[in-house]
Amino acid sequence: RQLERIAALVDWAAFERLLGAVYAAPVGRPSYGPLVLLRCLLLQQWYRLSDPGLEEALSDRLSFRRFVGLALADPVPDHSTLSRFRSELVRRGLSERLLAELNRQLDTKGLMVKTGTLIDASLVAADGRRPRQGEPAEERSDRDATWNAMPETPLFGYKAHVAVDQGSGLVRQAILTPANVSDKTPFLALVQGDEQAVYADKGYDGWWYRQELALRGIGDGIMAGDYWRRPLDAAGRARNRAIGRIRAPVERTFAVLKRWYDYRRVRYRSLVRNTLQLQLLALALNLRRALTLTA
């Protein structure tokens, strides 16, 4: 029933237009429609399935077949077809546009609150092995992954940066970078421009960001750092506590991604492929969240 409600929630024709002529090959085996394959990838995120596992589940579960649009007599996409489709999405640069289209539809339904944007980042381990000490980047199992900049908690992989809509909990934007990239680097790219305020922890503290938010007419909800040369007074600590309560839901977003969707480790071995995975996870999370908001 949940899959049926999700199928009825979205204008899938808009996604079909966006995907265009992917796999519309005039020769060779009959190709699956791109919309069928996109829904397959969504099932993969919700149920944490590998490509062979999804192929087996599509053969076995009627609800999966109905959701993706396959009749009982239809053959199911094999794991290589799913892999090629992901490669096509990457090649055509469609991953971010898919999430943007879903959010446009959810905004039209009045689900985007836009009172504030909650920004944060979290580390995600690489799929490949950790590199040996002194191993050159070109010999690593994943050349795009890096060590994070915190020696007390070393992690080889990536960093997921998200912007979450305050009130609805919908992911408005997601950016993946190597693990050594500072949280601050994609901060302004995550500011949507139509929110009333932006909330972030003290890791984003910087006068230039506050100045840019003021120029855009956006409220400053960045927690202030407590430095020995510039210690916080009682009012500053009280402000940080108030902002901390507001920005807490962004931590729940990462908790859902890591516990429900098993996003403690990326699935692939390049930045562009793992960026697509993050966008698909945000798409899947927003569809589930939209069900709750419209219940």
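Two strands count as paired if DSSP finds at least two bridges between them. Helices (H or I, at least four residues) and strands (E, at least two) are DSSP runs, numbered from the N terminus.

This is a predicted model, in which local features need pLDDT of at least 70 and side-chain atom pairs count only at pLDDT 80 or more, while totals for chains, interfaces and linings use all residues. Residues are numbered from 1 along each chain as its sequence is written, and side-chain values use heavy atoms, with hydrogens and water left out.

Strand 5 covers residues 197-200. Its pairings are as follows.

| Pair | Sense and bridges | A bridge partner pair |
|---|---|---|
| Strand 1 and strand 5 | parallel, two bridges | Thr117 and Val198 |
| Strand 5 and strand 6 (residues 219-222) | parallel, four bridges | Tyr199 and Gly221 |

Between strand 5 and strand 6 the chain passes through helix 9 (residues 207-215), in a right-handed β-α-β crossover. Right-handed here means that, with the strands pointing away from the viewer, the path from the first strand over the helix to the second runs clockwise.

In a regular strand the side chains alternate between the two faces of the sheet. In strand 5, Ala197 and Tyr199 point one way, Val198 and Ala200 point the other way, and all are buried (under 20% relative accessible area, with exposed over 50% and partly exposed in between; 1.4 Å probe, protein chains only).

**Positive phi in loops**

Lys114 is not a glycine, yet its phi is positive, about 65 degrees. Lys114 lies in the loop between helix 7 (95-108) and strand 1 (117-125).

Asp262, also a residue other than glycine, has a positive phi near 60 degrees. The loop that holds Asp262 runs between helix 10 (234-259) and helix 11 (271-294). Asp262 counts as partly exposed because its relative accessibility is 40%.
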